[in-house]
Amino acid sequence: MEVGNEQGRAQGNGRSDAAAGKPCTSPCNSLKMFLVALSFAYFAKALSGSYMKSTITQLERRFDIPSYLIGVIDGSFEVGNLLVIAFVSYFGAKLHRPKIIAVGCVLMSIGTFIIALPHFIIGRYQYETSVRWVVNSTLNPSPCPVGSPSDLAQDRKLSHVPATACEGDSNLSMWIYVLLGNVLRGIGETPVQPLGISYIDDFASDENAALYVGCVQTISVIGPVFGYLLGSLCAKIYVDIGFVKMETITITPSDARWVGAWWLGYLIAGVITLLSAIPFWFLPRSLHIPGAQGSEKCTPEQTSFIKDPHSGKHKYPADQNTTFIEMAKDFIPSLRTLLGNPVYLIYLCVSIIQLNSLIGMVTYKPKYIEQHFKQSASKANFLMGVINIPAVALGMFSGGLLMKRLKLNIMGAARFAFGTSLIGYILSLFFFAMSCENAKVAGVTLPYISLDSISYDKHSVFAACNSDCFCSESDWDPVCGENGITYVSPCLAGCASSSGSGKNTVFSSCSCVGEAGNFTASTGQCPEKDDCDRMFPYFLALSVITSFIISLGGTPGYMFLIRCIKPQLKSLALGFHAMATRTLAGIPAPIYFGAIIDTTCLKWGQKRCGGLGACRIYNTTAYRIAYLGLTLSLRSISFIICIPGFILLSRQLRKEERNAVHGALANGGTELEALRKEEFVVSNSDQSQQTADRETRL
């Protein structure tokens with residue numbers, strides 16, 4: 001009967017009798033196929049997630065929204081996870097895990113396509129500029145139109161009033177499409193991690209589980225390499241490529257108004273994610289291997305993939321016929337048991353705080369490179385993908401390899417993860433010393449009356465040199481004067497005429513550039529080099545070193561999470577950990593990091609329909625202190641919480657060791673008593689036999 005049940009289960013899982021008759025080939029290949037499929041799914045979700053991070057400045061400028069709203073959009077991914085993570089992790093572990101992962105990948109793909117949808121239903125991108133593309137340069141309008149004082153005052157009042165021509169133009173509805181698509185991406189990503197990792201841990205040998213998890217995590221870190229490289233490529237391409245003549249575009253990728261082809265990368269990421277769903281439809285629900293027969297016929301390499309049924313009996317069988325109501329009744333007691341583990345709770349708190357620091361840092365790191373070191377969005381994304389992310393991948397793989405070779409126990413894994421994080425924290429303090437001066441912009445960082453020293457006091461963009469011009473203070477159309485100072489617009493630079501067209505336009509007779517009034521200015525901000533160019537390579541080198549060291553503890557920390565709880569609660573523990581970190585770190589961190597970064601803005605753009613748009617220039621000193629200070633402060637708090645965690649862990653391990661010793665002694669005593677009883681029974685039977693023999697002889 002037992003053999004018949006096993007065959008029935010195999011057929012119920014879609015495996016034929018022929019497949020069941022080849023236990024060595026099919027299960028080993030199935031696990032290998034699952035590892036490849038899960039790695040590709042991790043790659044796809046990491047690629048689309050990192051591409052979202054690489055497009056934050058593009059989305060800010062395209063939809064004219066501040067950083068905190070970008071944080072809301074970025075955090076909406078975690079909202080999608082939060083909606084279903086607990087139920088998927090708990091109930092999904094008892095259902096067909098590969099097919100649930102396949103459905104999740106399809107949902108991720110649909111969400112990614114929805115994010116790109118606004119580009120095809122919104123109008124063409126329009127940016128403020130006084131430069132025109134005309135064949136005859138003599139037709140160029142004057143950058144400094146003359147008006148009466150009353151006209152000037154009226155115009156400055158009207159600059160804050162919405163234009164009637166923009167009625168019905170709703171950028172709000174457009175970025176909500178991005179938010180909803182990201183929510184759907186989050187829902188689809190939910191089953192990949194908890195169900196995928198638990199599937200590997202169930203059907204891989206204990207000594208190889210850490211290495212397999214390390215390999216999958218490494219592949220997931222390689223995904224962002226291609227995500228940021230894709231972001232770098234798309235950031236170079238103008239947003240309306242194919243719909244406008246590129247020679248008419250008067251701005252460059254380094255301009256604060258430039259918007260790249262952000263939508264193109266989402267289409268590519270959506271296709272890749274859709275392809276990642278295909279292999280999971282053909283994978284079995286579970287792997288059943290007869291212990292003796294499988295061990296005889298399989299090679300040592302193959303048997304490393306096979307679980308002994310007796311050693312795995314503590315795991316919840318995926319194919320057990322359990323009703324939904326029975327599973328639901330067991331949910332609350334299981335959750336209560338999980339949260340009653342103090343070591344797990346402290347690990348959860350530390351993870352939440354450290355992930356707040358990590359998510360906020362990673363989300364705005366490309367923007368920090370752009371604003372602080374004056375790099376284009378394309379270059380910032382390229383450097384993140386080529387230099388920083390590979391260091392993380394190498395660190396995670398090395399951490400898994402070291403854990404296997406050193407044979408770290410649960411305490412060793414905790415100490416290893418803590419030590420690497422502490423070393424990375426100490427090295428990160430040197431980032432504070434890597435500073436760059438702010439851009440010299442008249443009326444923003446420099447007063448018109450003194451263009452020598454940078455000041456962050458409130459300045460006026462209007463001065464005597466441009467008082468005769470009919471200028472708007474809300475426009476951002478920077479020009480670089482011959483004196484090396486950037487002016488907010490040609491009008492505010494006092495330029496009376498222009499020649500040339502497009503990017504080659506030259507403004508002349510700029511009264512604010514020099515006293516003689518005949519100095520010229522060119523389009524775009526003045527390049528800020530000197531100290532920043534020398535400091536930037538050191539910043540990159542230190543960033544690579546700290547990323548590698550911190551990521552060394554990634555795999556040991558993850559294995560600590562799996563091993564610090566009861567085996568039957570593994571899927572629930574992973575799912576609850578993911579839900580808690582997404583709720584308390586993934587959602588709020590980008591929002592409050594973005595809100596704090598917004599406070600360092602010096603010059604805001606203005607929407608056509610009124611209201612503040614995207615920030616054009618930041619106070620780089622305040623940006624550096626806020627960004628780095630918040631990141632390192634959160635990590636400092638997490639280190640303090642680790643202290644009671646180590647104390648509780650050591651007590652728990654000592655208690656388990658004592659219980660194991662007592663259990664061994666009790667088992668030994670029981671076996672000895674049973675042996676004595678057996679000897680007593682045997683001796684009695686011998687005596688009875690001897691008595692019967694005597695009676696027979698008589």
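User: How many helices and strands does the protein have, and what share of its residues count as buried?

Analyst: This is a predicted model, and its secondary structure comes to 23 helices and 8 strands. Among contacts between residues at least 6 apart in sequence, 80% join residues at least 24 apart. Of the 698 residues, the share that counts as buried is 51%.

User: Which helices each supply at least two residues of the nonpolar patch on the surface?

Analyst: The patch is formed by M33, F40, V103, F113, V271, L275, I278, W281 and F282, which together have about 820 Å² of accessible area. One of these residues, F40, lies in helix α3, and F40 counts as partly exposed because its relative accessibility is 31%, which falls between the limits of 20% and 50%. The helices that each supply at least two residues of the patch are α3 (25–54), α6 (97–116) and α12 (262–276).

User: Why does the pair of F418 and F639 count as edge-to-face, and how many residues apart in sequence are the parts that the pair ties together?

Analyst: The count of aromatic pairs in the model comes to 23. In the pair of F418 and F639, the ring centres are 5.6 Å apart and the planes stand at 80°, so the pair is edge-to-face, the class for angles over 60 degrees. F418 lies in helix α18 (residues 410–428) and F639 in helix α23 (residues 620–697), so the parts tied together are apart in sequence by 221 residues.

User: Over which ring does the charged end of R124 sit?

Analyst: The charged end of K45 sits over the ring of Y42, at 4.7 Å from its centre. For R124, the charged end is 4.2 Å from the centre of the ring that it sits over, which is the ring of F243.

User: Which helices hold K53 and D74, the side chains of which meet in a salt bridge?

Analyst: A search of the whole structure finds 6 salt bridges, and in one of them the side chains of K53 and D74 meet at 2.8 Å, N to O. The pair ties together parts that are 21 residues apart in sequence, because K53 lies in helix α3 and D74 in helix α5 (residues 67–92). Both K53 and D74 are buried, and the helices that hold them are α3 and α5.

User: How many residues apart are K367 and E60?

Analyst: The side chains of K367 and E60 meet in a salt bridge of 2.8 Å, N to O. This pair links distant parts of the chain, with K367 in helix α16 (residues 342–373) and E60 in helix α4 (residues 56–63). K367 counts as buried at 1% relative accessibility, and E60 is buried with a relative accessible area of 3%.

Note on methods: Residues are numbered from 1 along each chain as its sequence is written. This is a predicted model: local features need pLDDT of at least 70, side-chain atom pairs count only at pLDDT 80 or more; totals for chains, interfaces and linings use all residues. Side-chain values use heavy atoms; hydrogens and water are left out. Helices (H or I, at least four residues) and strands (E, at least two) are DSSP runs, numbered from the N terminus. Buried means under 20% relative accessible area, exposed over 50%, partly exposed in between (1.4 Å probe, protein chains only). Contact means heavy atoms within 4.5 Å. Patches are made of residues with over 30% relative accessible area and no salt bridge: like charges are joined within 9 Å, nonpolar side chains (Val, Leu, Ile, Met, Phe, Trp, Tyr) within 5 Å. Accessible areas come from the Shrake-Rupley method with a 1.4 Å probe; for residues, only the protein chains shown count as cover. A salt bridge is a side-chain nitrogen of Lys or Arg within 4 Å of a carboxyl oxygen of Asp or Glu. Rings of Phe, Tyr and Trp (its six-membered ring) pair if their centres lie within 6.5 Å; planes under 30 degrees apart count as stacked, over 60 as edge-to-face and the rest as tilted. A charge sits over a ring if NZ of Lys or CZ of Arg is within 6 Å of the ring centre and within 35 degrees of the ring normal.
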